[in-house]
Structures are given as C-alpha cells and as structure tokens.
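Hi,

Here is the model I promised to pass on. Have a look at it first, and my notes come after.

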Amino acid sequence: MIGKTLCSRSRPGSERLPLMLLAVLGALLTVGCRQDMHDQPKIEPYEVNNFFADGMGSRIPPAGTIARGWLREDSALWEGKDAAGELVDTLPMALDQALLERGQQRFEIYCSVCHGSTGDGQGMIVRRGFKQPSPLYEQRLQEMPVGYFFDVMTNGFGLMSSYAKQVPVQDRWAIAAYIRALQLSQNAALAELPSPIQDEFHAALTAAESEGDGVHHDDAAAEHH
Amino acid sequence: MAQIFRPSTNTIAKMSIILGLALAGSLVGLLMAFERSTYRTNEGVVYAQPVPFSHDHHTAAMGIDCRYCHYSVETSASAGIPPTDVCMNCHKEIWKDSPMLEPVRASYRDNTPLEWNRVHDLPDFVYFDHSIHVAKGVGCVTCHGEVNKMPLIKRGSSLQMSWCLDCHRNPEKNVRPPEEVFNMEWERPKDDPDYGAKLVEAAGIEGEQRLTSCSTCHR
C-alpha cells in the first residue's frame, strides 16, 4: 500500500493533467445549462408555443366540451332564467350582508367605471365620452326582475360588453343584489332610514347650521351622502 | 556563489500572497455585485411593447381598479393579461380612431392576440402564485412598484431569490390589511410597532421555517 502511494506521488503531473483538463471542460459545458432550467419546455400561462398553428400556448377548449365541475345544469344560476326561459326574480342563493358587501366591492371594480358608484350613469368612462347608460335606479329598471341584471352582465346589452369573463357567476349575482340595494338607497326617504342614521344626519345638519357657514354645510352634507 | 534572493524578497513573497488573495476576493465580490446590479436584474427597466399602454393613465387618472383588467389575480397563480375584448369594453367608443390603438383594433378584428413582452418573468423552477400573496395581504405595489405612476410599465423589483427571501423571512415588514392590497396609496401606520405582527397573525401566515422551506417555491 505504502509503496503504491509513493509511486503515484512520484509522478503527479502525468496522471492529473488529463483529469484537470476534463474538469475544466466539464465546467465549460455547465455554462450553457442555466437557461434550460430558467425557460423549460413546459408552457406557462400566455406563453408563445409554436407547436400550435396560432402560436398560443394557452389553448381554448374544443367546442362542445365541458370541464369537470363546470356543467351548467342550474339554469337559474347560470343563465338567470327558469325552466320556461323566463328571467328569474329571485336570487339563486341566500341573500345576506356578506353577499351585498361582495356585490358592492365588485360593482366598484367592474361597473362604477361607467355606471358611477351610485349607479347614476356618470362614471369616469362616460365623462370621457362613452355613451351614458340609464341610471340603474330609474323606474323602468326597478321593475325589472333581478335576473335581468344578471342577464345583461352575462350577455352584454347595447354598447355594454359581456362581463362573463371578468366577473364569475357568483359575483354577477352579488352585483345584481347590490343593484337592488342601490335602487332602494337612491329612492329612500329620510324617514325610512334606521334611526341611528337619521340621528346622525340631523346632528350633522344642526352642526352645519350652527356653524352658519355655507362651506361647512356642504362638507357635512357631502360626508353623509 | 552569491545568493539568488535578497532579504527583501521575503516581503515581496508575503505581500504577493496577501495581494493575490485580495485580488481573488475582490474579483468574487465584483462578480456578486454585478449579478445583483440592475444591469443584470433589469429592475426599473422599461420593455418595448406593441402598444404604449399607460398604467399611470388608466389607474391614477381614470381610477380603474387593478382587477378590472387583471381579473384572475385573486383566484389563480397568474394575475392575467387582459384579452383584447377587455380593452375594447371602453375603446370601441373611446379613442376609437387613434392610430396608437390600431394594434388593439387589429387584434380584435383578426382574433389574434397582442404579443406583450413579459416584464416580470420568474425562472420556470419558481412556482409563484398571485392568489395566495393577495389573500395574505401583499400589496400590488410591494412587488410591482408604483405602477400607478408608470406611463410605461417597468420591472418593479429585482425578482432575485434573496429578494423573495427578504419578505419570506420577515413578512410582518411587508404585509398590509387584505382590503388595502389594491390600494396603491396606502401607508402603514407608524405608531404601532406590533402592527405587522398582528397582520401576520390575523392572516394566518405561517412561520419562517415553512415560508423558507425549499418546496414552498420550488417543487
């Protein structure tokens, strides 16, 4: 053993040089590996993929197919229509505070740009030149069944595009419920409001009057709108 | 026979060892600094796009919520690049004759996608998911920068692993209440030192061991 070890030490260069050269070559080869792992052959969302004629990595499901869990059996939920094809006038889910709050949040995101936060049809895009929609709280729309609003969101109406892509079914119903709340609020008389809100309003009004200053009066009124 | 080396050679030999090490060390340091520079990470770099879309105009000036266009951000890994239909929701009426928007109209007419150049691109071995970050209270602005002030979109952060880990180690420094995630102007209250810790607790964000485990981001 000792003899063998000594022997190999006696001529180091001749054995190690090829090994070292091999190591250097190996290290050079790894330089090219980096991007392979960074950009793998798998398709990421929206990635270009030239395997397909249209170059789109994200594929559209073939016509007539339904993804698991997406069978639209419940026509009231998915279309806002009953078995006879008439627009439904009841929500296909329970109405509670959470649903209305969700509806308010989604209305602010997707609808207020045109319809305005109160549904008056004076949203930013309308102020920039888009055709003004009817106020959501006008008499004609108050008389529409709730399924009507769901139907318009789903299929579009006039210049309004379908929002089915941007707003999932459950949220469209939440917005429809919130539109009912807007219709109620925009046509409500002060005497119909809960007494704490009435008190708050009167207190603000009194405070504004005692200030006796038009500017302050406007501020207080604006706060309570 | 005269000696080959003078006594001062000792000093030169020692100095050359120190200098050699210093040189090797600074070379490594230089390479590390280079890898972290914005030249390499492209942080703050604007990418050429088919249409000069202004986030500044659409969000800050028009008041459109991030989710109007990026509507899958709350439910899926990808925040979503809006299909051309979404642009046309407004632009079939607004600026409908603008030459700047011709690529958008062409895309709509011919049913071909607009080819945007990706700005925030993580390596494919990172499994980033927008929905969980949004649900736990990481604001858009935290990673993407002040997009509401960008006439042309630029990369908001380095996207390096050390940057990810900075937050995964100390989420309390970066999270906000879930309802403020999409608010680009939100400011963290300065009076409460435990503010972040409370949010982490309320959101049920797991501890450092879980957040920095390899398989949290790589699989």
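Below is what turned up, going from domains to cores to the interface and the cysteines.

First, the housekeeping. This is a predicted model, where local features need pLDDT of at least 70, side-chain atom pairs count only at pLDDT 80 or more, and totals for chains, interfaces and linings use all residues. Residues are numbered from 1 along each chain as its sequence is written, chains are lettered from A and ligands numbered from 1 in the order in which they are written, and side-chain values use heavy atoms, with hydrogens and water left out.

Domains (bounds from an automatic or database domain assignment): chain A splits into domain 1 (75-188) and domain 2 (191-223), with C-alpha centres 31 Å apart. Chain B has domain 1 (9-41), domain 2 (55-81 + 118-217) and domain 3 (82-115). Between domain 1 and domain 3 of chain B, the C-alpha centres are 54 Å apart.

Now the packing. A nonpolar core here is a set of buried Ala, Val, Leu, Ile, Met, Phe, Trp, Tyr and Cys residues joined through side-chain atoms within 4.5 Å; buried means under 20% relative accessible area, exposed over 50%, partly exposed in between (1.4 Å probe, protein chains only). The largest core has 39 residues, and A:Phe107, A:Ile125, A:Trp173 and B:Tyr68 touch the most other members. Helix 9 (169-186) of chain A and helix 5 (84-91) of chain B are among the helices that each supply at least two residues. The largest share, 9 residues, comes from helix 9 of chain A (helices are DSSP runs of H or I, at least four residues, numbered from the N terminus). A second, separate core of 13 residues includes B:Tyr47 and B:Met184.

On to the interface. With contact meaning heavy atoms within 4.5 Å, 28 residues of chain A touch 29 of chain B. The two chains bury about 2600 Å² between them, 55% of it on carbon and sulfur atoms; that is the accessible area (1.4 Å probe) lost on being put together, summed over both. There are 3 salt bridges across the interface, taking a side-chain nitrogen of Lys or Arg within 4 Å of a carboxyl oxygen of Asp or Glu. A:Lys165 and B:Asp85 also meet in a salt bridge, at 3.0 Å, N to O.

Finally, how many disulfides are there over all chains? The search finds 0, using cysteine sulfur atoms within 2.5 Å as the criterion. For B:Cys66, the nearest cysteine sulfur is that of B:Cys140, 4.1 Å away. For B:Cys90, it is that of A:Cys114, at 5.4 Å; B:Cys90 counts as buried, at 12% relative accessibility.

Cheers
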